[in-house]
Structures are given as structure tokens and as C-alpha cells.
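Subject: Structure handover

Hi,

Here is the structure for you to look through. My notes come after it.

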Amino acid sequence: MDERSRLCSVWLGSETGILKGVDLDRKQAFNFCNTRTLSREQEVRALCWGDTAESELLVGCSDGTVRTFSTEKGVFTEARSCGDPQEGCFSGLASLRGSAIITCVECGKLRVWREDSSGPVAELDAGSNVCRMRQSPVDQNRVATGGKENGLKLWDLERPEKPVFTAKNLRDDWLDLRRPHWVKDMSFIPDSDKVVTCTGYHQVHVFDPSTPQRRPVLEAEFGEYPLTALSLPAAGDTVVVGNTQGQIALLDLRKGLVRGCLKGLSGGVRALQCHASQPLVASCGLDRFLRIHSLKDRKLQHKVYLKSRLNCLLLASRELQGGGAGGSAEGGAEQEVKEEEDEVWNSMEQVEEEAMKRKATGGGEEVKRKKGGD
């Protein structure tokens, strides 16, 4: 099993509590779970790397536990309770300098946990109905939170008394009616202090905490359905957003215009991630497929059926394929990755039933046909 986990470059969490790894070089997918204790209570809601070497994977489950998975050994090495299931599922999970864990749940409790302590060493209240918590890739002590009727907030974990930035409510519409908040996802724009968010009202907002303005410095819209996830390519001048109808688009962060759309999805998008060095974006959601698109020609590069509805995904920083960015098939056709037999089905007890013996009904007797006429 250790060899299989080392080959995987894409990791996904499912509603059934299974951690799935995909190796695009060998065109295989694997399940990593303990099938004896598998239940819906272990639904995977968040994934993040536990160290910079990407040898450990932190898995946040809906029962409030955070499990540590070793990508070198291919097994779960540790599990600790980091919250009460009654507080809601994890809305964010991050590693702090490799020795601490940052968790955030839907009720707004953001906590910092260390290995040598049984309880949280720091805790703050980010407000109710938190949909997402993200960590800054530059400053690990800076995190962003937001949710339904809970605007964007930026926090410094070294000074958790109050947020360092709080977004101001949007201006009233042309009827002087209040415009509601619903932050679904956010990301830190590289080489700047700006933060981009997507909302449940199909809006994309860019905030700049370095300026006195607390309202968005850029507003854009895409489609008519709630946006659920976003991710920034390495260049940082565009953002990839996905919505509940399986539509994915690239938006220009300078002008707020749609550059193009990615096709091929048939279910709501739950997670997006752009690769750190390659022009690729991975997506997953309700249709049980992992899809990888090219950001250059927007063609589908890989399509993997994983049998379960997917909640989150995580890409390795190394190249997803040994041969480079992975050329598309003829005419941009989908490349189907064959998954090994599901371990859950293999571990189930086989039930054998004796064949029912048919009763003799006078077999062999010929049916006499009456001839017409007397």
C-alpha cells in the first residue's frame, strides 16, 4: 500500500468517508480507508498538507476528528478530536508551521491545536454560518473567513482579539434595498494584499485591505446560480470559479470579464484547485468525477470516475504527470482512468443461498394438439 500512496498526485475526500488517491501516470485510482469502521459520520470535509515536504495529509471529518495520513507509508498514523460534531462540520483546515493545526467549524469557532496539548491553545469567534476558512500562503498566521450574512474577515492569529480587516456591506441596490452577504469561498491574490471572494449570489469580489476602502474594489458576476468554489492560477491575474450547475469559468481580475468556460461537467462543483506550476485546474463535485482541464486551451485532459460524491481535493506540488502538463487526447477527448476494484465491496461478507429446486411438473410430457375438425 505504501507504493500506491507514493504514486498519487491528486487526493480527494468523499461523502462516504473514503480518502481517494489518483495516479495519472499509471491511470489508476486507489481507496485508503478502514472499511470495518467506515460510516457517514466520517465524511471527509477538508484536506490539507501537514508539512512542506507533503509527506503527511490532514483529513478533517464531519465527526470532528482530524486524521493524519502518511503518504509514504500509505496508512493513517494518528487521529485526534478537534471539535464537537454539534458545532457543525469543518469549513477550513490548515497546518501552522508543521507543529500545529488550524480548524474552523460552521458555527464560527476558529481554534489552534498543538501536538503537546489536549485542548486548543487559541480560539476566536469568526461569526455564525462560516462557509470557508483559508490560510494565506505567504503568512501562515493570517487567515480569512466568511459565510452567509458573515462578510469577509482577515485575522492575525498572533493577535486574535479582533480581525485586522472586516469587509463592509455592499451598497444598496437601485431600489435602496439591502444587498445580502453570502461568502462561499476566498483566496489570497499572490504578490499583493488583495483577497478575492465568490458568493452564493453569483458574484466575484476583490477586496484590498491596504486601502481605506472596505467595500470591494472590483465587482463581477458570472451566470445565474450560486458560486461554490474558486481557485487562483499561479499568475494571479485570473480566477477560476465554479457553481452549483457544474459551470466553470475563468474571470479576468483586472476588468472583471469572463475569459472563457470549461466544459464537460454535469453536477455541482464542490472544490477547485489550480496547480502550483502547471497550467492545469482540477475540479470535483456531485457527479463523482475528478476532471483536470488545461488553462491554456481549456480542453479536458483527464476524467476519473471515483464512485462517490466528492467534497474536496488536494493537488501535489510536483508535476501531475511525468511527461509534463499532460497532452489532451485526439480532438480534446476525455482520457478515462480505470479505477481498481472498490475495497469496500471486496471486504463485504459474501452471502450464499441454496438454489431452489424446481418441483416436477410432469416434464417430458408432450403437449397434444387437437386437430381441427372431428
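Below is what turned up, from the whole chain down to single residues.

First, a caution: this is a predicted model.

Overall make-up. The chain has 374 residues, and 51% of them count as buried. Its secondary structure comprises 29 strands and 2 helices.

Four strands form an open sheet in the order 12-13-14-15, and the pairing is antiparallel. Which strands stand at its edges? They are strand 12 (130-135) and strand 15 (165-166). Each has a single partner strand, so one side of each lacks a neighbour in the sheet. The partner of strand 12 is strand 13, residues 142-147. These two run antiparallel and are joined by 5 bridges. Within that pairing, Met-133 has Thr-145 of strand 13 as its bridge partner.

Cysteines. How many disulfides does a search of the whole structure find? The count is 0. Two cysteines are worth a look in the viewer. Cys-48 has a relative accessible area of 8%. That is under 20%, so Cys-48 counts as buried. Cys-261 comes out at 38%. This value lies between the 20% and 50% limits, so Cys-261 is classed as partly exposed.

Best wishes

Technical notes
Residues numbered from 1 in each chain as written. Predicted model: local features only at pLDDT ≥ 70, side-chain atom pairs only at ≥ 80, totals over all residues. Heavy atoms only, no water. Buried < 20%, exposed > 50% of the residue type's maximum accessible area, 1.4 Å probe, protein only. Pairing = 2+ DSSP bridges. Disulfide = S-S within 2.5 Å.
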